[in-house]
2 protein chains.
Amino acid sequence: MARYLAITGGVGGAKLALGLAHVLTPDEVLFVVNTGDDFEHLGLAISPDLDTLTYTLADLNNTELGWGRRDETWQCLDTLAELGGESWFRLGDRDLALHFHRTQLLRAGASLSQVTAEIARRLGIRHGLAPMSDQPIRTIVHTAKGALNFQHYFVRDRCAPAVTGFHFDGIPSARLSPVVADWLTDCQGVIICPSNPFVSVDPVLAVPGMREALARLPVVAVSPIVDGMAIKGPTAKMMAELKVPATAAQVASHYGELLTGFVLDEADAAVHDTLPVRTVVTRTVMLTLQDRIDLARVTVEFLQSLAH
Amino acid sequence: MARYLAITGGVGGAKLALGLAHVLTPDEVLFVVNTGDDFEHLGLAISPDLDTLTYTLADLNNTELGWGRRDETWQCLDTLAELGGESWFRLGDRDLALHFHRTQLLRAGASLSQVTAEIARRLGIRHGLAPMSDQPIRTIVHTAKGALNFQHYFVRDRCAPAVTGFHFDGIPSARLSPVVADWLTDCQGVIICPSNPFVSVDPVLAVPGMREALARLPVVAVSPIVDGMAIKGPTAKMMAELKVPATAAQVASHYGELLTGFVLDEADAAVHDTLPVRTVVTRTVMLTLQDRIDLARVTVEFLQSLAH
């Protein structure tokens with residue numbers, strides 16, 4: 001039995017992660033999640049990408065909003081707005097409970113890896129998921145308006161400021177989550193989910209030890225760019241602002257030497273032969289659960305073919 | 001125009017406070033509120049008595065529950081319970097917003113007096129209310145099961161452990177709220193609302209400077225004990241455990257020299273002539289708003305008569 005590591009950020013990556021959880025058993029895949037988006041807000045330790053993956057794998061994700069928890073209400077935040085408090089970061093009443101619980105467990109001395117596992121267990125998630133690191137790493141977005149904390153850029157300012165670069169605060173003193181480090185001692189391949197390369201995947205790759213571990217393994221990435229557009233989020237906008245082509249080929253180029261294989265959408269089939277890595281062309285736009293499962297199966301089979 | 005100070009704890013005292021707010025203008029009364037019940041929970045600064053008074057004066061109190069905020073929902077706490085988190089202290093979704101806001105303002109450097117005034121302003125409260133102190137004072141309940149933080153005794157353990165005494169942590173380094181100290185420089189009388197003498201009023205009296213200020217003024221207390229029973233809360237149970245009679249006369253005796261006058265319920269009319277202070281007998285059980293207004297009027301007129 002082979003064991004794979006799947007690297008993911010939030011919503012876009014979580015779609016493929018759900019597919020992978022249908023295709024691979026808990027013994028066959030570990031999800032390692034970006035925590036560069038994490039921040040402290042209203043005194044709560046918030047981990048947006050971890051929560052998105054947790055809610056998705058627990059079948060509790062809010063499919064109407066595309067983020068957050070199902071059956072959500074907004075009494076607390078609406079009341080906070082009435083009181084003149086900070087309400088720009090939309091925290092639903094039920095979602096708040098997760099942040100309270102995590103914050104309390106962290107304060108009691110648990111690591112983020114332990115808290116993540118405990119919450120997953122409570123919500124009946126069978127697959128393993130872990131933060132990239134137990135040490136705080138914070139994505140700073142350099143923009144024409146100055147350096148912004150990620151959530152200020154992403155949520156408060158709605159990705160409006162033009163991006164000039166990124167910095168991951170805390171990297172020098174960060175270590176890989178013990179759960180991830182342990183998994184990597186016996187791992188046969190890596191899947192990079194279709195998340196934003198700059199702010200979802202790069203923070204994971206920046207954790208000391210991660211690139212070195214991946215260099216020894218076949219690594220397949222699924223393009224988050226289809227026909228020059230991002231399926232979800234600001235990836236294409238960022239690429240334009242960074243003055244690189246907003247193309248799938250550019251994403252492959254961004255990952256560079258790390259990449260063994262690349263999964264392209266049918267809309268980008270023309271690029272197939274021009275890339276310096278092996279590619280598979282398939283449907284990558286995931287609208288239904290079956291789409292997620294199909295893409296997961298193609299990706300895993302591709303990775304398996306590269307591993308031999 | 002005379003100015004009065006009204007000392008109050010939570011629910012019982014807030015009923016008379018609402019009546020006083022109908023009878024006296026904002027220039028005529030300041031409410032000083034017990035903060036011995038305050039505690040930090042889930043990382044939030046919670047001030048139960050201040051909130052009860054705030055909600056009551058803003059006409060936002062939950063009359064069905066008898067505590068908390070109107071039109072409340074419990075999504076966050078119910079979800080926290082599902083996650084295995086701490087849910088013994090019932091915080092409604094809308095109530096949570098107040099605690100978030102207060103906690104944020106305190107962290108930003110505001111004093112509890114300033115925060116209380118800001119929240120009251122936001123909620124359209126015209127009368128002044130202030131915590132007894134800006135320094136943290138914490139009521140410790142000594143019981144047969146050991147020393148308990150007040151909310152652990154009161155909410156978590158439902159007042160079950162037998163009380164042996166009380167201690168107010170933080171008193172030596174506490175000062176009166178500047179709002180209260182300022183009001184006392186030009187104040188003609190004091191009303192002690194029908195709150196628990198041991199855990200609602202005594203903490204206020206314990207703040208350095210309060211007893212000295214009150215010694216110069218006529219002070220009228222409204223009995224929280226009617227016919228040997230507490231209208232609300234554990235007062236009578238505490239008195240029995242402290243091995244003193246659970247009577248209105250005992251409450252008057254508890255306040256001792258501080259008291260100029262005492263308001264007794266009709267059920268206790270027989271005690272009238274036996275007390276060492278002047279008394280008024282009236283209906284003190286407040287079921288309707290009119291009851292609150294009537295008792296407030298009787299109390300204020302009694303205080304005015306003593307002031308001359």
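This is a predicted model: local features need pLDDT of at least 70, side-chain atom pairs count only at pLDDT 80 or more; totals for chains, interfaces and linings use all residues.
The bridge partner of B:Gly261 is B:Arg278, in strand 14 of chain B. Now extend the selection to strand 13 (residues 261–265) of chain B and to strand 14: five bridges join these two strands, which run parallel.

Next, show the whole sheet. Seven strands of chain B form an open sheet in the order 5-2-1-9-10-13-14, and the pairing is parallel. Which are the edge strands? Colour strand 5 (128–131) and strand 14 (278–282) of chain B, since these are the edges and each pairs on one side only. From one strand to the next, the twist averages 20 degrees.

Then move to the helices. Select helix 1 (residues 11–23) and helix 2 (residues 48–57) of chain B; their axes lie 9 Å apart and the helices pack at an angle of about 35 degrees. The crossing of helix 1 of chain B past helix 2 of chain B is right-handed. To see the contact, show side chains on both helices: helix 1 of chain B contributes B:Val11, B:Ala14, B:Ala17, B:Leu18 and B:Ala21, while helix 2 of chain B contributes B:Thr52, B:Leu53, B:Thr56 and B:Leu57. Of the residues in this contact, seven are nonpolar, two are polar and none is charged.

Last, display chains A and B together. How are the two copies related? Chain B superposes on chain A by a rotation of 180 degrees with 0.0 Å of shift along the axis, at an RMSD of 0.0 Å. This is the relation of a two-fold axis. Select the interface residues of chain B: 100% of them are also interface residues in chain A, so the copies meet through the same surface.

Note on methods. Residues are numbered from 1 along each chain as its sequence is written. Chains are lettered from A and ligands numbered from 1 in the order in which they are written. Axes are lines fitted to C-alpha atoms, for helices over the stretch in contact, and angles run from 0 to 180 degrees between N-to-C directions. Helices (H or I, at least four residues) and strands (E, at least two) are DSSP runs, numbered from the N terminus. A crossing is left-handed if the near helix is turned anticlockwise from the far one by less than a right angle, and right-handed if clockwise. Two residues are in contact if their C-beta atoms, placed from the backbone, lie within 7 Å. Ala, Val, Leu, Ile, Met, Phe, Trp, Tyr, Cys and Pro count as nonpolar, Asp, Glu, Lys and Arg as charged, and the others, Gly among them, as polar. Two strands pair if DSSP finds at least two bridges between them. Copies are superposed by least squares on the C-alpha atoms of residues with pLDDT of at least 70 in both.
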